[in-house]
Amino acid sequence: MVLRFADTSVGYHGVAVLTHVDLSLEAGQCLALAGPNGAGKSTLIKAVLGLTEVLAGTAEVFGRTPARSREQCGYVPQVGDLDPDFPVTAAQVVLMGRYRRIGWWRPTRATDRRAVTEALDRVGLADEAGRRFGLLSGGQRQRVLLARALAAEPELLLLDEPFNGVDVVSQEAILSVLRELTRSGTALLLSTHDLALARDVADLVCLINGRQWAFGPPGEVLTADQLRSAYGGHAIDLADGRTVLVEP
Amino acid sequence: MILTVPFMARAMAELALLALICGPVGVFVFARRLSFVSDALTHTVFPGVVIGFLAGGVEGLVVGALVAGLLTAVVLTLLTRGGALSDDASTAVVLTAMFSIGVVLVSRQSSYTSDLTSFLFGRLLTVTPRQIAETAVLAAVILVMLAIAARPLLFRTFDPAAAAAAGYRTFWLDLWLNVIVALVVVAAVRAVGTILVVALLIIPAAAARLITARLAAMAVIGTVLILLAGYGGLWISWTASVDYGISLTSASAVVLLLVLAYLLLLPLGRLSTVRRSSLSHRGTPPAPKGSPHELVG
């Protein structure tokens, strides 16, 4: 079992942001966290990394407390949070994924450099290794961050809104890497507010908004009733069986 | 050659040591946007310098600076905890409070004006061999501390969330860097004074960033700039006083030359910014490799 949350509440400084989380994730599965902005998606991802407080219930990652399992986890943050003026190249960013393996002051080894090249190659950016991170497009930057997480060879990969502001080419590149990862047994946890995408890529969906509203296969979770309760009454069923959300 | 004059040679040796540490440390101060924090550090070291001087003379000065510097590093790390560098107000309160304490202490001295001047602006031309040796030791400690933590510091600076996710403790990394900056201030305080240290830390890195986007190159260019400005500043102050009878503080001349270098490089930085924004306005992908933009930006 990769993840097991049982009636868990998480938050910061003793204040709960997200309550009643009940979910589990096995190796090779993809779990999508769906919910509106401010629902607590990033908070839940940080809880898996042991960066938020568990205020109630159980939170286990690889059978241990979250903070003790960080070495098995990879994290892809939202690309918009990073300073595009920062003087680093794409390859330097990917190498950061190897820092824990390299250690504090030891020089980089050939295996680390090879891992960087391979990771960039997997996301289709081998030619951009020497380019400054900030000069890449939003989608390419997101792929570099994915490559950085891959370079650490994680067993559980956490992605915070990986498709936000990402062009179609990069989205396809990211999706194909994610499919390869699940096939090879890596577990994925990604947050998204794109419900159609969640339906397409995920084996499991966790619908949250301040608390968990539903957890299970996409077909059971992304129904009009569930969405209406989570989003507050703005979901409409279409004749073809799909559900759309309408802004209030 | 001004360097055949022993006290000028000693001044240059001291500046060279400071260049060696301020170049690389400045890159992190600049990248971490810690300019204001370093400025605060230079001011809070001031009362330590005064107390150290009152208690133990010139020899006590470094000890006082060291204690005040390390104390401030801890306090500032606590104040700016959680990545909130926006806590400018509390930093400013610490800065002004400590600086005032220093001024109150020093104003009780009979040699008030001359003491104040030397604490604020340093005495570059009266550097002793012993001082150079002490600076060399501090420089070695600083460079080792920086080398040990360079990777985590870079990771934390670029992407604090991912660094924390990878298991790095950002609080300790922030404290580590603040202690490094405090040690730089301590190393430089007798030669260039508490006020001008910040110029050595911030201007070279900012100027280097205008012509390169490579971290290692920034560190090297920063060091070279301080060396050039150091020699130039010493030469100008020597020429001004010996040939023209104008008394000119050497440390100030060095800093003014650094500012001049920054101003001269500014158009290059502007050029790359304009190119970058015109590219994004046209909605085209970034310039291909080897384009003029890549060369400047």
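Predicted model: local features only at pLDDT ≥ 70, side-chain atom pairs only at ≥ 80, totals over all residues.
Residues are numbered from 1 along each chain as its sequence is written, and side-chain values use heavy atoms, without hydrogens and water.

**Core**
- The largest nonpolar core has 171 residues; such a core is a set of buried Ala, Val, Leu, Ile, Met, Phe, Trp, Tyr and Cys residues joined through side-chain atoms within 4.5 Å.
- Helix H7 (residues 170-211) of chain B gives the largest share of this core, 27 residues; helices are DSSP runs (H or I, at least four residues) numbered from the N terminus.
- Leu178(A) is among the residues with the most contacts inside the core.

**Arg148(A)**
- Arg148(A) lies in helix H5 (residues 138-151) of chain A.
- Arg148(A) is buried because its relative accessible area is 3%, and buried means under 20% (1.4 Å probe, protein chains only).
- Beyond four places in sequence, its contacts (heavy atoms within 4.5 Å) include Tyr75(A), Met96(A), Phe155(B) and Asp159(B).

**Val224(B)**
- Val224(B) sits in helix H8 (residues 215-244) of chain B.
- Val224(B) has 39% relative accessibility, so this residue counts as partly exposed, the class between 20% and 50%.

**Recorded spans**
- An unreviewed UniProt entry lists "transmembrane region" for chain B at residues including 12-30 and 244-266; such annotations may be inferred rather than shown by experiment.
- Residues 12-30 of chain B are 100% helix, with end C-alpha atoms 25 Å apart.
- Residues 244-266 of chain B are 78% helix, with end C-alpha atoms 32 Å apart.

Terms used:
Chains lettered and ligands numbered in written order. Helix = DSSP H or I, 4+ residues; strand = E, 2+ residues; numbered from the N terminus.
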